[in-house]
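Hi,

Here is the structure I promised to pass on to you. Have a look at it first, and then read my notes below with it open beside you.

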Amino acid sequence: MNANDVVIRGGIVVTEAETRLADVGIRNGKVAALGIGLSGATTIDATGKLVLPGGVDSHVHIDQLSSFAIPCADDFYSGTKSAAFGGTTTILPFCAQHREDALPKVLADYFGKAKNAIVDYGFHLIIANPNEQTLASDLPAAIGQGVRSFKIFMTYDRMRLTDEQILDVMSVARRDGALVMVHAENHGIISWLAGKMVKQGNVAPRYHAICHTRSSEAEAINRIITLAEVIDCPILIVHVSTPEGIETIRKAQARGLKVFAETCPQYLFLTARDIDRPGVLGAAFCCSPPPRDEAAQEACWQGLKDGTLTVYSSDHAPYKMDASGKLPNGDKTTFKEMANGVPGIELRLPLFFTFGYKAGRITLNEFVALTSTRHAQTYGLYPQKGTIALGSDADIAIWDPEKRVTITKDLVHDNTGYTPYEGRELTGWPVTVLSRGEIIVQDGKLTAERGRGRFLPRERSAPLEPLGRQIPEMAQLSAWNTPLKS
Ligand code: DUC
Ligand code: ZN
Ligand code: ZN
């Protein structure tokens with residue numbers, strides 16, 4: 001009898017910490033053995049290939065409505081199919097509250113939608129209305145269900161929280177061991193500038209990038225760090241795009257604060273020039289914050305390399321280039337009316353492999369850390385996800401490091417209908433992908449059943465613990481932030 005159900009034989013196994021020639025034995029969906037000469041009921045020949053942990057994408061929008069109620073192009077089937085083809089085997093999408101929504105219903109709706117997923121998933125919660133009920137009952141209840149991260153917005157009329165509301169949400173997160181993720185841009189600067197631009201008739205997509213000034217990101221990052229320090233609450237700043245923002249985070253980290261941060265493909269591989277196209281074509285590249293310039297790209301690479309930026313996520317926010325998505329008023333759509341976001345769930349890893357690892361900017365171990373391990377660690381999924389180790393889920397992407405691929409919209413499997421990376425030449429592609437030991441993609445074909453993905457409840461974990469170091473003034477508050485009795 002074979003000890004293993006599946007053996008991946010002869011590949012180079014890469015984790016965050018090491019690179020070695022080894023077979024991987026899989027039993028009951030878990031990594032059961034690592035060594036040479038393993039046997040199994042099924043053998044996958046990985047000679048000449050790289051055997052990497054499946055990607056963990058901790059920032060994706062799927063089957064979600066934007067703040068203007070514009071629907072994403074992807075449901076959980078198309079979104080997770082696209083993830084799988086790109087070597088990603090775990091995703092963390094958002095359950096999005098809009099101001100009028102009751103949180104328990106929001107969560108229930110997304111649990112229903114996610115029944116179509118083909119890879120495993122956890123959830124974050126977007127909080128737009130932190131009222132008494134939300135703070136006292138609904139957030140603790142969500143955490144009890146294993147939804148242990150909340151995204152808040154400092155901009156957008158229909159989503160943004162006041163500083164007081166942010167402090168309230170942070171207080172709950174600190175007490176109950178959740179992570180506050182922040183969209184950090186100064187609302188006043190953006191909306192004031194946008195109002196003036198529109199009055200002047202400057203409504204093309206390129207003005208979106210102009211209104212979202214670099215300074216608006218840096219100011220908001222500085223403010224959110226200040227607020228987090230008052231509460232002593234770990235935070236993660238999503239989609240960081242500017243050298244100024246990164247430098248502010250670097251300084252906070254040097255002071256020992258628990259500030260995690262993320263950047264995304266659009267800040268490494270696009271610039272504001274991509275948005276500057278005739279008519280409304282630039283809408284395809286509009287996201288918030290917007291792509292910047294080459295110096296900002298360089299700062300993002302440096303931030304990833306030196307650890308200031310903790311994770312590299314897709315921020316997959318797929319909107320079609322038609323009236324259902326980016327262009328509600330056709331070619332008359334102004335930059336203020338366009339949904340913000342670009343697709344990237346499938347190409348996140350291949351782009352990073354070619355332009356990061358193959359280009360010599362990062363090592364393979366850093367590739368694994370930034371695309372998988374650190375996401376699992378930061379969000380409380382490690383070591384179940386994010387590594388290839390005994391007892392871990394056998395979520396594995398087998399990469400052909402020499403496979404040449406030209407990106408076209410027909411190559412990718414999401415429902416957006418375009419890719420911002422059309423025509424780029426890649427070297428290296430995940431040719432076989434396993435989730436919990438089951439082959440879900442092989443040689444360009446999906447072999448997974450709709451609905452096989454499982455929900456991942458997340459436990460309280462070390463990165464989510466406060467430092468225990470508050471500003472002295474907080475000592476004047478009595479009975480503040482007492483842990484809930486379980
Ligand atoms: N923020 C995101 O994280 N994604 C899309 C749009 C936005 O503002
Ligand atoms: Zn955002
Ligand atoms: Zn996002």
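Let's start with Thr155, which you'll find in the loop between E10 and helix H4 (163–176). Keep in mind that this is a predicted model. Is Thr155 buried or exposed? Its relative accessible area is 3%, and buried means under 20%, so Thr155 counts as buried. Its side chain also has a partner: a polar contact of 2.9 Å joins it to the side chain of His187.

Now for the metals. Which residues hold the zinc ion that is ligand 2? Its protein donors are Lys151 (through NZ), His183 (through ND1) and His239 (through NE2), and they lie 2.1 to 2.2 Å from the ion. Along the chain, these donors follow the spacing K-x31-H-x55-H. Lys151 sits in strand E10 (residues 149–153) and His183 in strand E11 (residues 179–183), so the pair ties together parts that are 32 residues apart in sequence. Lys151 and His183 are both buried.

There is another zinc ion, ligand 3, and the two ions are 4.4 Å apart. What are the protein donors of ligand 3? They are His59 (NE2), His61 (NE2) and Asp315 (OD), at 1.9 to 2.1 Å from the ion. Here the spacing reads H-x1-H-x253-D. His59 belongs to strand E6 (residues 55–60), while Asp315 is in the loop between strand E14 (311–312) and helix H12 (348–358), and the pair links parts of the chain 256 residues apart.

Next comes ligand 1. The residues around ligand 1 include His59, His61, Lys151, His183, His239 and Asp315, and also Tyr156, Ser288, Ala317 and Asn340. Where does ligand 1 sit? The space it takes is the largest pocket. On its own, ligand 1 has 240 Å² of accessible area, and the protein covers 94% of that.

Ser288 turns up again in the backbone. The peptide bond from Ser288 to Pro289 is cis, with omega near -10°, and Pro289 is in the loop between helix H10 (272–275) and helix H11 (294–306). You can find another cis bond from Tyr382 to Pro383, with omega near 5°. Pro383 lies in the loop between helix H13 (364–378) and strand E15 (396–406).

Last stop: helix H12. How many of its eleven residues are buried? Eight are, so H12 is largely enclosed by the rest of the structure. Among the buried ones are Leu349, Leu351, Phe352 and Phe353. After the helix comes Gly360, with a positive phi near 85°.

Happy exploring!

How values were computed
Residues are numbered from 1 along each chain as its sequence is written. Chains are lettered from A and ligands numbered from 1 in the order in which they are written. This is a predicted model: local features need pLDDT of at least 70, side-chain atom pairs count only at pLDDT 80 or more; totals for chains, interfaces and linings use all residues. Side-chain values use heavy atoms; hydrogens and water are left out. Donors are N, O and S atoms within 2.8 Å of the metal (3.2 Å for Na, K and Ca); water is not among the atoms, so sites may look incomplete. Helices (H or I, at least four residues) and strands (E, at least two) are DSSP runs, numbered from the N terminus. A residue is near a molecule or strand if one of its heavy atoms lies within 4 Å of it. Accessible areas come from the Shrake-Rupley method with a 1.4 Å probe; for residues, only the protein chains shown count as cover. On a 1 Å grid over the protein atoms alone, a cavity is a set of points where a 1.4 Å probe fits but cannot get out, and a pocket is an open set with protein on both sides within 12 Å along at least five of seven lines; lining residues have an atom within 4 Å of a point. A molecule sits in a cavity or pocket if more than half of its atoms lie within 2 Å of its grid points. Buried means under 20% relative accessible area, exposed over 50%, partly exposed in between (1.4 Å probe, protein chains only). A polar contact is a pair of N or O atoms within 3.5 Å; within protein, one must be able to donate a hydrogen and the other to accept it, and residues adjacent in sequence count only if both atoms are side-chain atoms.
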